[in-house]
Amino acid sequence: MTDEADIAIIGAGAAGLTAAIFAAESAAPDHRVVLLDGAKRVGAKILVAGGGRCNVTHHQVKADDFNGPRNVVRNVLRSFTVAQTIAWFESMGVSLKREETGKLFPVSDDAHTVLNALLGRARAVGATLLTEHRVQDIKHDADGFLITHSGGELRARKLIMATGGRSLPKTGSDGGGWSIIKHLGHTVTPTYPALVPLVLDDSFFHAQVSGIAQEVELKTFAAGKLIDRRHGSLLWTHFGISGPVVMDASRFWVIANETTSDAQLRAAVLPEPFEVVEKWLITQAAAAPKRPLSALLAERLPRRVAEVLTAHVAHQDSATATEANPAIGRMTRDHRRAVVHALTDLTLPVLRDRGWNYAEVTAGGVPMTEVNHRTMASRQVAGLHLVGEMLDVEGRIGGFNFQWAWATGHAAGRAAGEAVRS
């Protein structure tokens, strides 16, 4: 026997739950909204986000914080602003607090607060959640959609696809939704891990400074051309590098590595021009010639990084270095310049990204040209809406991707609800 619904939402993550809530609120009470998810327990990404605290949004969200068509992204964000997000969560009993970074977390510091509020609101407005109902196929006809899932069939007039991308597949987000919508007539751009840590060559010094964070400038090059430049906190790890600036830059390195033969990542651990840093070293050498190089660098770098970087330069440039940690007054010109290069333009030997299991989002997806940005309605398939990570838009780290989920879920849910009501 085929079950029936007015609106079906596939995927009970952040965007799907939001869409279900606004769809049920916008439709008349006698209209049925059904939310299907293949997992036994939904909202896994919400629960792991922000170290288990869930970074709900950022205090200031702009189109420039996203990779995607700026004007379209700007209009979507304006349709459901940060202020509206804060008020919405407040209405569900979740108060948010702003931290120094601008990130907004629940006052409880517990992601369960966010998930439970969304699930509770969905139940309160009459949305039906069916877990362990993995969708296997969807057919579209004049009457709407016939959804085949692991528990049988469901016919729906409107369909909202919220199955996510390929990041964190253990949470159920494996990209399977894209296969379905491609059969329905959509295209999907190439997809890559984004907001993902990067693995460095074992011969580099990262393992010796694992756990240390520092402010740097990162530059990404593709075939010798600068394609991304940004400042922020880098975290040295036992496998390579992570931290906000690395996560944000990763999508550029990953895509360049996949599409060109020469992707490079370079760091300025002292983000100043070469000439300025060299002048500083010369001035310091004149003032305190007997001072060890590592002790001087420790004034501006974490001490352990200063020590390891000093040794790294001596090892790499053994022909110009007279000793591993020289007194700055005894450094040769070539050795001094090698140190300045390491401080201002250090090549990071990236081998690969850490993979989908560690990527927080997906770069790529359905092009925004294939949806109406006001309603998230498909331009290819009548009655279909696409939200969240399914779309070829992704934000930087810090709550921006959740804001995209709330905004697109709101637009699609409200539009589908109003459509069935009218």
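**Starting from one side chain**

Modeller: Happy to! F89 counts as buried because its relative accessibility is 0%. Keep in mind that this is a predicted model.

Biologist: Where does F89 sit?

Modeller: F89 belongs to helix α4, which covers residues 82–91.

Biologist: And what does F89 touch, leaving out residues up to four places away in sequence?

Modeller: F89 touches V56, V94, V114, L118 and W406. There is also a fold-back to look at: F89 and P106 are 17 residues apart in sequence, and their C-alpha atoms are 9.2 Å apart in space.

Biologist: I saw L118 in that list. Which residues have the most contacts inside the largest nonpolar core?

Modeller: L118 is one of them, along with I147 and M161, and that core has 83 residues. Helix α12, residues 400–421, gives the largest share of this core, with 10 residues.

Biologist: Is there a second core, or what else is there? What does it include?

Modeller: A separate second core has 58 residues, and A267, L348, V350 and A359 are among them.

Biologist: Back to I147. What does I147 touch?

Modeller: Not counting residues up to four places away in sequence, I147 touches A8, I10, V135, D137, I138, G152, E153, L154, A156 and L159.

Biologist: Tell me about α12 then. How many of its residues are buried?

Modeller: In α12, 18 of the 22 residues are buried, which leaves the helix mostly covered. From its first C-alpha to its last, α12 reaches 32 Å, close to the 32 Å expected at 1.5 Å a residue.

Biologist: Nice. Switching to strands: is β13 mostly covered or mostly uncovered?

Modeller: Mostly covered: β13 spans residues 213–222, and eight of its 10 residues are buried.

Biologist: How do strands pair, in general?

Modeller: Strands of a sheet pair through backbone hydrogen bonds, either parallel or antiparallel.

Biologist: How many bridges join β13 to β16?

Modeller: Six bridges join β13 to β16, residues 263–268, and these strands run antiparallel. Look for E217, whose bridge partner in β16 is A268.

Biologist: What is the strand order in the open sheet of three strands?

Modeller: The order is β3-β6-β5, with antiparallel pairing. The edge strands are β3 (57–58) and β5 (96–98), each pairing on one side only. Two bridges link β3 to β6, residues 103–106, and T57 stands opposite L104 of β6.

Biologist: Let's talk charges. How many salt bridges are there?

Modeller: The count comes to 23 salt bridges. One of them joins R304 and E307, with the closest N and O atoms 3.4 Å apart.

Biologist: Why are R304 and E307 about one helical turn apart?

Modeller: Because they are three residues apart in helix α10, which covers residues 303–316. R304 counts as partly exposed at 36% relative accessibility, and E307 is partly exposed too, at 33%.

Biologist: What about D65, buried or exposed?

Modeller: D65 counts as buried because its relative accessibility is 8%. The side chain of D65 meets that of K62 in a salt bridge, 3.8 Å from N to O. K62 counts as partly exposed, at 38% relative accessibility.

Biologist: Which residues are linked in a network of salt bridges?

Modeller: R53, K97, E99 and D109 are linked that way.

How values were computed:
Residues are numbered from 1 along each chain as its sequence is written. This is a predicted model: local features need pLDDT of at least 70, side-chain atom pairs count only at pLDDT 80 or more; totals for chains, interfaces and linings use all residues. Side-chain values use heavy atoms; hydrogens and water are left out. A nonpolar core is a set of buried Ala, Val, Leu, Ile, Met, Phe, Trp, Tyr and Cys residues joined through side-chain atoms within 4.5 Å. Buried means under 20% relative accessible area, exposed over 50%, partly exposed in between (1.4 Å probe, protein chains only). Helices (H or I, at least four residues) and strands (E, at least two) are DSSP runs, numbered from the N terminus. Contact means heavy atoms within 4.5 Å. Two strands pair if DSSP finds at least two bridges between them. The expected span of a helix is 1.5 Å times one less than its number of residues. A salt bridge is a side-chain nitrogen of Lys or Arg within 4 Å of a carboxyl oxygen of Asp or Glu.
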